[in-house]
Amino acid sequence: MFSKIGKLHSYEEVSAMDGDLSEGGMQTVALNEAVSAAISASGGGDAHHQSHGGPNSLPNSGTQSQPANATSPIPTPRPTSLPQYPHTPGSAYTSPNSANSPAMSPIPLATPTTPGTENGAALVRSNSSKMETIKSWSISTYKCTKQLLSEKLGKSSRTVDAELEGQIEALRDTQRKYSQILRLARALSSHFFHVVQTQQQLGDAFADLAQKSPELQEEFIYNAETQRSLTKNGETLLGALNFFVSSVNTLCNKTMEDTLLTVKLYESARIEYDAYRSDLELLSQQPRSEISSIKLEEAQRNFSGHKAHYDRLRADVAIKLKFLEENKVKVMHKQLLLFHNAVSAYFSGNQTALEATLKQFNIKLRSPNATSPSWLEHPSQAEEFAWQ
């Protein structure tokens, strides 16, 4: 019995050893297997006592059979697996017994690189370029505004090209007058379109009454034919008027406007040129020093660049004004002749001369049997005609 109790104490020692090894969450399967093997090595007496209530219960009889190997010591089991130390997933595992081992070194084998380094450098350069552009624009705007205010207050002089300024003013006056002619020609075309529509409806009404009034049939037929003839001639005249409106609109709102756009660029360049010229003159009057020399040199470079830009735009304006004048004379000579011949032929009742005028200027009308509505119903669509 005492031997059995000694065996139980040995089992408790093994269990204590197992508890010590499992401290901190370190338990192994191999240790449990070793303990099970040690218990089963005590013989079949254990199984007999376990069937009567467990290893700690004693039998009712006073005698106890001892197993053959009851006095043999229980071997101390050795763990066959390494303890599992908790570590962060994705990080290098470092054993506490091999801290200096190169295989378990926590230093990464590859040096990490910052993604997008080249793109970041390009972005920095782009931002720097934008800042330089904004800075240059701000300085130029400030100088131009200062120059304009000085000119209005009479504190600064401005560069004047008398001949070119006179041509520009004449062009603006011509555009205003041509815009007035264009507005009146559009009104005439619109009103005459309604006259033609009324004549057509009146001719249809006369023809209908001629069928229903036998006593006035001849008179209604005469008037119906007259209104139809006027309608046909009116449509021909509308074609000539719309062609005239289209050509004048192109000349006034496209050709002249393009030249005036170049004039606006020229005037802006003139203001910048005068602003940097005034800046250069002001720096030239200051006492000479190292800083003032640097500023004077920079002002000289800016002045030279703006002067070249101003001279180039001035030459462009002069050339465009010359070609615009030639084009205006050629176009208006043709359009005024068309307008005169068409109106004279229509109101004189000369249908042959009216049709000859349209043929002379290559103006074609839509067929009256066309499925789509006539372009005469939309005077604004006369822009489709090109200059001939």
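Colleague: Which residues lie nearest the centre of the second largest pocket?
Modeller: Ile139, Lys143, Tyr276, Glu298 and Asn302 do. The lining has 15 residues in total. Bear in mind that this is a predicted model.

Colleague: How much space lies in that second largest pocket?
Modeller: About 400 Å³.

Colleague: And which elements give two or more residues to its lining?
Modeller: Helix 4, helix 6 (217-284) and helix 7 (290-347). Helix 4 gives the most, with seven residues.

Colleague: Let's switch to serine 140. Where is its place?
Modeller: Serine 140 sits in helix 4, which runs over residues 117-152.

Colleague: Buried or exposed?
Modeller: Serine 140 is buried. Its relative accessibility is 14%, and buried means under 20%.

Colleague: What is serine 140 in contact with, leaving aside neighbours within four places in sequence?
Modeller: Glu272 and Tyr276. Tyr276 also turns up in the pocket, among the residues nearest its centre.

Colleague: How far is serine 140 from alanine 275?
Modeller: Their C-alpha atoms are separated by 8.6 Å. Along the chain, the two residues are 135 residues apart.

Colleague: Zooming out now. How many helices and strands does the protein chain have?
Modeller: Eight helices and zero strands. Read along the sequence, the pattern is α-α-α-α-α-α-α-α.

Colleague: What share of the chain's contacts joins residues 24 or more positions apart?
Modeller: Counting contacts with a separation of 6 or more, the share is 76%.

Colleague: And what percentage of the residues is buried?
Modeller: Buried residues make up 28% of the 388 in the protein chain. The chain's accessible surface comes to about 26200 Å². Carbon and sulfur atoms hold 57% of that surface.

Colleague: On to confidence. What does the pLDDT of the chain average?
Modeller: It averages 74, and 62% of the residues score at least 70.

Colleague: Where is confidence lowest, and where is it highest?
Modeller: Helix 3 (residues 44-51) is lowest, at a mean of 41. Helix 5 (residues 162-212) is highest, at 94.

Colleague: Which stretches have a pLDDT below 50?
Modeller: Residues 1-31 are one such stretch. Beyond near neighbours in sequence, residues 1-31 have 29 contacts in the model. Residues 79-83 also fall below 50, and that stretch has four such contacts.

Colleague: How should predicted coordinates be read where pLDDT is low?
Modeller: Not in detail.

How values were computed
Residues numbered from 1 in each chain as written. Predicted model: local features only at pLDDT ≥ 70, side-chain atom pairs only at ≥ 80, totals over all residues. Heavy atoms only, no water. Helix = DSSP H or I, 4+ residues; strand = E, 2+ residues; numbered from the N terminus. Buried < 20%, exposed > 50% of the residue type's maximum accessible area, 1.4 Å probe, protein only. Contact = heavy atoms within 4.5 Å. pLDDT = per-residue confidence, 0-100. 1 Å grid on protein atoms, 1.4 Å probe; cavity = no way out; pocket = protein on both sides within 12 Å on 5 of 7 lines; lining within 4 Å. Points joined across faces, edges and corners; volume = space filled by probe spheres on them. Areas by Shrake-Rupley, 256 points an atom, 1.4 Å probe, with all protein chains shown as cover.
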